[in-house]
Amino acid sequence: MTEPGPGVDAWTEQTSAFDRVQSIASTLSEPRPASYIADEAYVAENTARNHLQRLVDLNVLRTIDREGTTLYAPDPLHTRMQTLRELLDEYDQDALLDLKADIQSRIEEWRDAYDVVSPSALRERAARTDTASETREIKQTARDWELLAYRLSIVEDAIENYATYTQDFEASA
Amino acid sequence: MGGPDWTYDPAEASHRALRGIQHELGRHPIVTDVRGFPTGELTRVVAALATERWGADRDDAALTVRWFAGATADAAPEFSFHYSDEASDSGWHHEPNPHVEGWGHYQEWNATTEEYTYDSYTFGSANPTRVVWEVMSSLSAELDAD
């Protein structure tokens, strides 16, 4: 375990070892071994292994075997299902349609403003900008566009399967 | 296990990071409200802060967070934690900036010169959760110093 950096004392006071392992593992950008996650979460490696296995059992994480080493990575399906659940809790079907329209409008504004059809095409435009601020603005817009496209795919999923996803709740209400 | 070993989607990774940041800020004792912004879209996370709990009474104290997980899984993330209140404007950034060497820096608005000042800053971790607590600790120190 490394020396505590800024904020680590407050973090460990406010959270359990399981909380920290889950928070670190759920936000990994690439598969990592238990030793790495233990180090980042300020827990013993054996503790991390136990919590990681529990998170695998709960389908929060997936394991990947690389050359005999077990690596842990977030399960993208779990993140997607969590987001779906939040949307269904916060919005009814009409409100989901309004949200879809809002996101589509924003994307259409970018399409019209930059005369491109995708975030990758927008990034190519950044090669032809005249100023640093314009380049930064295009880069940020391309990122927001990617994020919104991902979000839109989940909103559409919620709308298309609204009856199925809410069936059990409505039947028991 | 079926399906591919593991695939990387920058938008999914960024979305996941922002969700994690929102969750982590919600655990912090001076955060009174935290939400994805714009509503329903989540391209940023915005938190309202009760800085008086640190002994620094500031009106309209807020933190706005952006996070981009990188074009590839092993690429460094680009992010910013922007703090503002009725009297000040500052932030911890990890992204290219012509005023500093390297990506990590702290920038602060100088009301006298009406320009930002920039100082290099080295983050202890690139994990979104760890960065949240590090920035909150650094913010506490900055407000304490003012």
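Guide: Let's start with pLDDT, which is the predictor's confidence in each residue, on a scale from 0 to 100. Chain B averages a pLDDT of 93 here, and 97% of the residues score at least 70. This is a predicted model, where local features need pLDDT of at least 70, side-chain atom pairs count only at pLDDT 80 or more, and totals for chains, interfaces and linings use all residues. Residues are numbered from 1 along each chain as its sequence is written, chains are lettered from A and ligands numbered from 1 in the order in which they are written, and side-chain values use heavy atoms, leaving out hydrogens and water.

Visitor: On to salt bridges. How many salt bridges are there over all chains?

Guide: The general idea is that side chains of opposite charge can pair when their charged atoms come close. The rule used here asks for a side-chain nitrogen of Lys or Arg within 4 Å of a carboxyl oxygen of Asp or Glu. Over all chains, that rule gives 16 salt bridges.

Visitor: What does Glu86(A) form a salt bridge with?

Guide: Its partner is Arg19(B), and the closest N and O atoms are 2.9 Å apart. Glu86(A) lies in helix α5 (residues 76–90) of chain A and Arg19(B) in helix α1 (residues 10–27) of chain B, so this pair joins two chains.

Visitor: And is Arg19(B) buried or exposed?

Guide: Here are the cut-offs: buried means under 20% relative accessible area, exposed means over 50%, and partly exposed is in between (1.4 Å probe, protein chains only). Arg19(B), at 14%, counts as buried, whereas Glu86(A), at 34%, counts as partly exposed.

Visitor: What about a bridge inside one chain?

Guide: Look at Arg123(A) and Glu146(A), whose side chains meet in a salt bridge at 2.9 Å, N to O. Arg123(A) belongs to helix α7 (residues 119–125) and Glu146(A) to helix α8 (residues 132–160), both of chain A, so the pair ties together parts that are 23 residues apart in sequence. Arg123(A) is partly exposed at 32% relative accessibility, while Glu146(A) is buried at 18%.

Visitor: What does Asp33(B) pair with?

Guide: Asp33(B) forms a salt bridge with Arg35(B), again with a closest N to O separation of 2.9 Å. Asp33(B) is partly exposed at 31%, and Arg35(B) is partly exposed at 46%. Bridges can also share partners: Asp19(A), Glu24(B) and Arg27(B) are joined that way into one network.

Visitor: Which residues gather in the patch of negative charge?

Guide: First, the rules. Lys and Arg count as positive and Asp and Glu as negative, with His and the chain ends not counted. The place of a charge is taken as NZ of Lys, CZ of Arg, CG of Asp or CD of Glu. Patches are made of residues with over 30% relative accessible area and no salt bridge; like charges are joined within 9 Å, and nonpolar side chains (Val, Leu, Ile, Met, Phe, Trp, Tyr) within 5 Å. Accessible areas come from the Shrake-Rupley method with a 1.4 Å probe, and for residues only the protein chains shown count as cover. On this surface, Glu52(B), Asp57(B), Asp59(B), Asp60(B) and Glu86(B) gather in a patch of negative charge. Asp59(B) sits in the loop between β2 (44–49) and β3 (62–68) of chain B, and it is partly exposed at 48%.

Visitor: Where is the cis peptide bond?

Guide: It joins Phe37(B) and Pro38(B), with omega about -10°. Pro38(B) is in the loop between β1 (31–37) and β2 of chain B.

Visitor: And what is phi of Glu67(A) near?

Guide: Phi of Glu67(A) is near 55°, a positive value in a residue other than glycine. Glu67(A) lies in the loop between β2 and β3 (69–74) of chain A, and is exposed, with 84% relative accessible area.

Conventions: Helix = DSSP H or I, 4+ residues; strand = E, 2+ residues; numbered from the N terminus.
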